[in-house]
Amino acid sequence: MATTTYINGHVFTGEGFTDGFTIRDGFFAVPEEGCKLVDLKGACVLPGLIDSHTHLIPAGLYALGADLSGAVSLEEVFSRIESALASPMTAQPFACLFDETRLKENRFPALRELDDVTGTTPFYMTRIDLHSMMVNTAFMKKYGLEGTSPLIRGREYDLMVRCLGQEVPFGDKKRGLLEMEKKAFKAGVTALHTMEGVEDDFSNIDALLELQGQTPLGILLYPQVMDLKGVLERGLPRIGGCILIDGSLGSRTAALSAPYYDAPGETGRLYLDDEALFSFMRRVHEAGLQMSFHAIGDRAVRQLVRGYSLLGREAEKRHRIEHAILVQDEDLETIARLGLWLDFQPMFHEFWGKPGGLYEQRLGKERARQVNRIRTAAEKGIPFAFGSDCNVTPLDPLGGIAAAVSHPVPGERLSVEEAVRAFTLYAARIGHTENLQGSIFPGKKADFVVLSENIFSEEDIRKVTVRETYIAGECVYRAEDHQESV
Ligand SMILES: [Zn+2]
Ligand SMILES: [Zn+2]
C-alpha cells in the first residue's frame, strides 16, 4: 500500500493552512510511520479546483473548430480555414470566433470568396457573438437554403444551431471532451459541474453520461431540461443549470425592473410565466431533486425567488440560482432566509464590468455598481460558489480568483482565501460532493494543485500559474512537460 507524505509546503486545505499532507491509495489520509516523503520545497498547494458552472460538450465542440480569433485580414481568415479543412476535427467542418470588425477589410467575405476556399465541402463560420453565421454554397445546398442570404442571423440562426447540434456524432463529442480535459488540467481544474441539454433534447446529457467514466476529471452533470420524467428515468438527483428565467444583458433580454440605460423603452423579458415556472418547481420539489435556474436581471431573480418562497425553506437541498448578476436587497434577504445558493461567475465583471464596459452601457453607471455582489452576499450569510460558464468565459479558476479579489467595486472584493474556497470547498458543497472533494482532508479524494507562487502573499496574483495538477494522487498535468514539448 503506497503512502506518501508531502512536506515543507504552504498548503491551504480549504479550511486553513498547514505545511503538508499524506496520501494513501488515491485519498488524503492521516500520516503514518515509514512512508515515502516528497519535499514541496515551500510550494503553495490548494485543493483541486472545482468549476461549478460549465457547458462542457458545447465548449468541447467549439474547441474543435477552426479558430479565427485575432485574424486581421480576410487572407488570414482564408488560410486558417484552408488548413483546418485539410484535417477537419469534426464531421461537419466549421470555423468560429469570426470578427469582421478586426479585419482590415472590415467586412464578411463575399459568398464567392468563401466558396473558393471551401470548395464542395459544406462549411459554416460563426461570428464571435454567437448570434450569426456565414455559410458556403455547398452548405446551402445541403440544408435547402438556396436562394437565401449566406448570412444567417436571429431566429434562423438559433434554429440552424439547434439542427447542427442534433447532427453531431458521438465521436465529435468525445473528441471535444478530451480537448476540454486538457484545458481543465492545465487550469488546475480537477472537477466541474456541467449543464447539458436544451429544451427537450437529451442527446448531450446521454453522451455525457456515457463519457463521464472515461476521464479522471470529476464531472457532475446538471440536466438543463424541463422534462422531469426523463431526468428521473436517468436516476439523476438534480435538474437545471441554464434553464432560462431570462436572457442576457448583452442582447438586452435580461429581465430588469427598470428600463435599460441604452434602450429606455426596454426592460427585457421573462421566458416563463409564473404558472409554468412555479408548477415545474413544485413538481421538482415533490420529486425531491435539487434544482437550478439561470437568472441575470433583478426582475428574473425576483420571479425565481418568489417561486422558491412558495416551496418554503429547503436549505438541505441547496437549490441554486445561476449568475444572479443584478439582485435587489430585499431579494438577497429572502435568498438568505431560504438558504438558497448563488453561483457567481467572477470573470463576468472582469469582461464587462470595467468603466465604459457592457454593464455601464446597458445599466448606466449607478446600477452597474450593483452587479455581481459577491461580498454583500457573503456578508448576508448567503452560501455561494464560483464558476466560469465556460464557454462564455474560459475554464480558468485562478483568473476567476483574481477577478473576485479585484472586483471593480472595492466593497465587493473577497479575500484570496474566500475566493479560493468558492472554487473548492463551496463548489463541492453546492454540488453535494463535499464528502469526496473540495478540501485537503483525510478520507477525501487526493485532488490538489501545486502553484507557481504563493497566491496568498503574491502581490500580483495574475502572475500565479498552475505548476502541477493531481487527481486521486496521480499527476495529470505538469507545466514543465508542456514547456519542453512546445
Ligand atoms: Zn446561464
Ligand atoms: Zn451557463
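In this structure, M134 stands opposite L151 in β13, where strands are DSSP runs of E with at least two residues and helices are DSSP runs of H or I with at least four, both numbered from the N terminus. The model is predicted, so that local features need pLDDT of at least 70 and side-chain atom pairs count only at pLDDT 80 or more, while totals for chains, interfaces and linings use all residues. Residues are numbered from 1 along each chain as its sequence is written, and chains are lettered from A and ligands numbered from 1 in the order in which they are written.

**The sheet with β13**
- Strand β12 (residues 132-135) runs antiparallel to β13 and is joined to it by three bridges, and two strands count as paired if DSSP finds at least two bridges between them.
- The open sheet has five strands in the order β9-β10-β11-β12-β13, with mixed pairing.
- Because β9 (66-67) and β13 (151-153) stand at the edges with a single partner strand each, one side of each is left without a neighbour in the sheet.

**Strand β14 and its partners**
- Eight of the eight residues of β14 (residues 189-196) are buried, meaning that 20 or more other C-beta atoms, placed from the backbone, lie within 10 Å of a residue's own, whereas exposed means 12 or fewer and partly exposed lies in between.
- Strand β8 (residues 49-54) pairs with β14 in the parallel sense over four bridges, and L49 stands opposite V189 in β14.
- β14 and β15 also pair in the parallel sense, over six bridges.

**Residue Q214**
- Q214 lies in the loop between α7 (203-211) and β15 (218-223), and it counts as exposed because it has 12 C-beta neighbours inside 10 Å.
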